[in-house]
Amino acid sequence: MVFPEGVSIDSSTGHVSPETGRYTKRLSELRGIFHDRTALEEAVAVRGDPIVYEVVEYKKEGSDIFFGTTTVEPGVVGNEYYMTRGHFHARRDMAEVYYTQHGSGVLLLKSRAGETAVVEMKRGVCAFIPPDWAHRSINTGKDKLVFVWVGNVAAGHDYGDILEKGMSKRVLLREGVANIVDDA
Ligand code: F6R
Ligand code: ZN
């Protein structure tokens, strides 16, 4: 039997209470994600391999949905903003929502057919991620980017396609502002 429960989410830190799991991703674990490999190695060495993002989840056995937060730190590797790996769901029929709580950024999406889309991430915007659209969150602001995600426990992750082919677009810092450019 699963009982109802209120879960506190701190919108500025991403803390979830109670939580059932968490992980962090550091720069050294994101090799192959950022386009400037030299800048990545330099940043790992000079900055002491900082955390780029943290994921905290609330999942209860017996439920078909779960939720949690992702907190992406502000920063760049070369001229590319800190971001998540990006993935398709293993289950192609399963959607997700991302509800931004704090900070600002870009949600980059790519369909299986290769179309791309962009949804602005800022407080109050709840993004609908349709089934079979890959998604990556990019922090283009000076604060932490915090969003709540809600998905299906069976959705799973497929990272291979994005690792191999990328998201078709990148979000780069140019002359002080974020630019969305084609990934040649
Ligand atoms: C789950 C989901 C998020 C991401 C998280 C980290 O389907 O979309 O919880 O997993 O934001 O991003 P990735 O998994 O792309 O490193
Ligand atoms: Zn997802």
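## A buried glutamate in a predicted model

E96 has a relative accessibility of 10% and therefore counts as buried, where buried means under 20% relative accessible area with a 1.4 Å probe and protein chains only. H87 is likewise buried, at 9%. This is a predicted model, in which local features need pLDDT of at least 70, side-chain atom pairs count only at pLDDT 80 or more, and totals for chains, interfaces and linings use all residues. Residues are numbered from 1 along each chain, chains are lettered from A and ligands numbered from 1 as written, and side-chain values use heavy atoms, without hydrogens and water.

## The zinc site

The zinc ion (ligand 2) is coordinated by H87 (NE2), H89 (NE2), E96 (OE) and H135 (NE2), at 2.1 to 2.3 Å; donors are N, O and S atoms within 2.8 Å of the metal (3.2 Å for Na, K and Ca). Along the chain, the spacing of these donors is H-x1-H-x6-E-x38-H.

The arrangement is octahedral because the 6 donor atoms subtend angles of 74 to 174 degrees; six donors count as octahedral if opposite ones are over 155 degrees apart and all others between 65 and 115.

## Ligand 1

A polar side-chain atom of Y53 lies 2.5 Å from an oxygen atom of ligand 1, and one of R85 lies 2.8 Å from an oxygen atom of ligand 1; both are polar contacts, that is, pairs of N or O atoms within 3.5 Å.

Definitions and conventions: Tetrahedral: all angles 85-135°; square planar, octahedral: opposite > 155°, others 65-115°. Buried < 20%, exposed > 50% of the residue type's maximum accessible area, 1.4 Å probe, protein only. Polar contact = N/O pair within 3.5 Å; in protein donor to acceptor, adjacent residues only side chain to side chain.
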